[in-house]
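This report describes one protein model in plain terms. Look at the sequence and the fold before reading on.

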Amino acid sequence: MKALLFEILKLGLRIIYAPIKLCKTKNRIVYLSRQSNSKSIDMILLEKALNDELPEAEQVFRLRMIPDGTAAKIKYCLAIFGDMYYLATSRVAVLDTYSISVSCLKHKKSLKVIQMWHALGATKKFGLQSVGTKEGRDEKISKAMCMHKNYDYVLAPSAATARFYMQAFGYDSSKIKICSLPRVDELLTDNGSAARFYKENPAFSNKKTILYLPTFRDREVYAVNELMAEFKDIEDDYNLIISPHPLFSNVKVQPQYSYNGSFSTYDLMKIADIIITDYSACAYEASVLMKPLYFYVPDYEEYSNERGINVDLKEEMPDYTFESASKLVNAITADYDLTKLYAFKTKYVENSKPNNAQMLAKFISVLIKGKEANK
């Protein structure tokens with residue numbers, strides 16, 4: 001029944017969109033996202049680079065998370081009409097997630113759509129890879145919603161990651177552009193976060209700091225509790241910061257594992273001496289910083305079976321992947337082989353220089369100027 005409703009909605013949107021497409025195309029770039037109501041760091045950096053590279057182009061941001069409540073959801077649906085207008089009058093659309101207005105409609109041939117996915121890699125399966133699984137979309141609904149259709153280019157940080165993206169988005173290699181996300185530039189830029197952090201958290205300055213960044217999943221509470229319990233054995237020499245996934249509100253972090261002030265995940269990564277994660281794509285960001293990286297995955301077999309994984313962590317980083325919190329904590333006090341981390345980084349993030357926003361801006365500039373030349 002849901003799939004049928006989506007089919008009817010899609011037909012109605014296409015009928016409404018047809019006359020809107022008669023509007024004149026402008027020298028415009030539109031960004032769309034359901035990830036946040038504000039600009040991501042990737043969008044902020046790309047916007048700045050495009051202002052330098054293509055100052056005459058207008059940049060419009062259509063960013064809205066799906067809200068709770070019936071009235072708010074109706075308002076969200078009405079906003080799709082605004083998306084239609086900007087898609088009909090733009091030369092390039094940049095998105096960082098699935099978009100109904102991009103994938104369900106039939107656009108002008110002049111519009112180029114770039115999928116700038118909101119993660120710097122994909123340890124876990126997602127998108128079309130996870131359709132029909134416990135954590136994925138229903139197959140009929142996925143088809144009705146035209147999941148990930150209409151992309152002209154999908155950005156991937158490496159050839160290894162491109163293989164996963166081709167499956168997740170349903171495209172062949174001709175649609176893949178190897179390009180790291182602009183956030184890599186932010187990671188490699190000193191913005192004074194360390195000085196600010198230690199000013200607000202002076203107690204952290206006399207020990208090494210471990211940052212734990214778990215992904216969003218059902219077993220996150222168990223994993224956090226186990227790690228806090230085992231960490232007590234090394235707390236004389238290390239600080240531990242636990243930064244739960246923002247979508248998970250059930251994790252209760254003890255005060256000693258928190259911090260004062262407002263700092264982004266990227267700020268915390270720069271401050272940390274050691275980073276622990278699980279299936280999160282922040283592993284690739286951590287590798288860019290070449291900080292000792294550990295994987296804590298107590299539910300490895302279950303997660304692999306239920307969600308599916310692209311990167312076999314036990315094979316890629318066998319010495320630094322743990323199902324046991326106690327073994328992980330013991331390993332942290334031993335020497336770390338950075339050559340293995342470097343191999344991991346170069347495989348999954350091919351360009352780790354701070355020029356990714358500029359490279360992407362140049363690519364978009366070529367797309368726009370090429371269209372103008374072919375008028």
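The model is predicted, and local features were taken only where pLDDT is at least 70.

**The sheet**

Six strands make up an open sheet with parallel pairing, in the order β2-β1-β3-β4-β5-β6. Strands β2 and β6 (176-178) are at the edges, and each has a single partner strand, so one side of each lacks a neighbour in the sheet. On average, neighbouring strands of this sheet are turned by 25° against each other, direction ignored. In general, the strands of a sheet pair through backbone hydrogen bonds, either parallel or antiparallel.

The pair at one end can be followed in detail. Strand β1 (residues 28-33) and strand β2 (residues 58-63) run parallel and are joined by six bridges. To get from β1 to β2, the chain passes through helix α2 (residues 41-53), and this β-α-β crossover is right-handed. Within the pair, V30 stands opposite V60 in β2. R62, also in β2, is the bridge partner of L32.

**The nonpolar cores**

The largest nonpolar core has 114 residues, and Y165, Y294 and I364 touch the most other members. Helix α16 (residues 356-373) supplies the largest share of this core, with seven residues. Which residues does I364 touch, not counting residues up to four places away in sequence? They are I29, L46, L50, V92, V94 and I114. There is also a second, separate core of six residues, and Y98, I141, M145 and C146 are among them.

**A covered helix**

Helix α11 (residues 282-289) is mostly covered, since eight of its eight residues are buried.

Is E285 buried or exposed? E285 counts as buried, because its relative accessibility is 5% and the cut-off for buried is under 20%. Leaving aside neighbours within four places in sequence, E285 is in contact with L120, R183, L187, Y266 and M269.

As a rule, most residues other than glycine have a negative phi. M290, which follows α11, has a positive phi of about 55° although it is not a glycine. M290 lies in the loop between α11 and β10. N150 is another residue other than glycine with a positive phi, near 75°. N150 is found in the loop between α5 (139-144) and β5 (153-156).

**The cysteines**

A disulfide is a covalent bond between the sulfur atoms of two cysteines. How many disulfides does the structure hold? The structure holds zero disulfides. For C146, the closest cysteine sulfur is in C104, at 4.6 Å, which is too far for a bond; the cut-off is 2.5 Å.

The table gives accessibility values for residues named in this report.

| Residue | Relative accessible area | Class |
|---|---|---|
| C146 | 12% | buried |
| C282 | 8% | buried |
| E285 | 5% | buried |
| M290 | 24% | partly exposed |
| N150 | 34% | partly exposed |

Definitions and conventions. Residues numbered from 1 in each chain as written. Predicted model: local features only at pLDDT ≥ 70, side-chain atom pairs only at ≥ 80, totals over all residues. Heavy atoms only, no water. Buried < 20%, exposed > 50% of the residue type's maximum accessible area, 1.4 Å probe, protein only. Pairing = 2+ DSSP bridges. Helix = DSSP H or I, 4+ residues; strand = E, 2+ residues; numbered from the N terminus. Right-handed = clockwise from strand over helix to strand, strands pointing away. Core = buried A, V, L, I, M, F, W, Y, C linked by side-chain atoms within 4.5 Å. Contact = heavy atoms within 4.5 Å. Axes fitted to C-alpha atoms, helices over the stretch in contact; angles between N-to-C directions.
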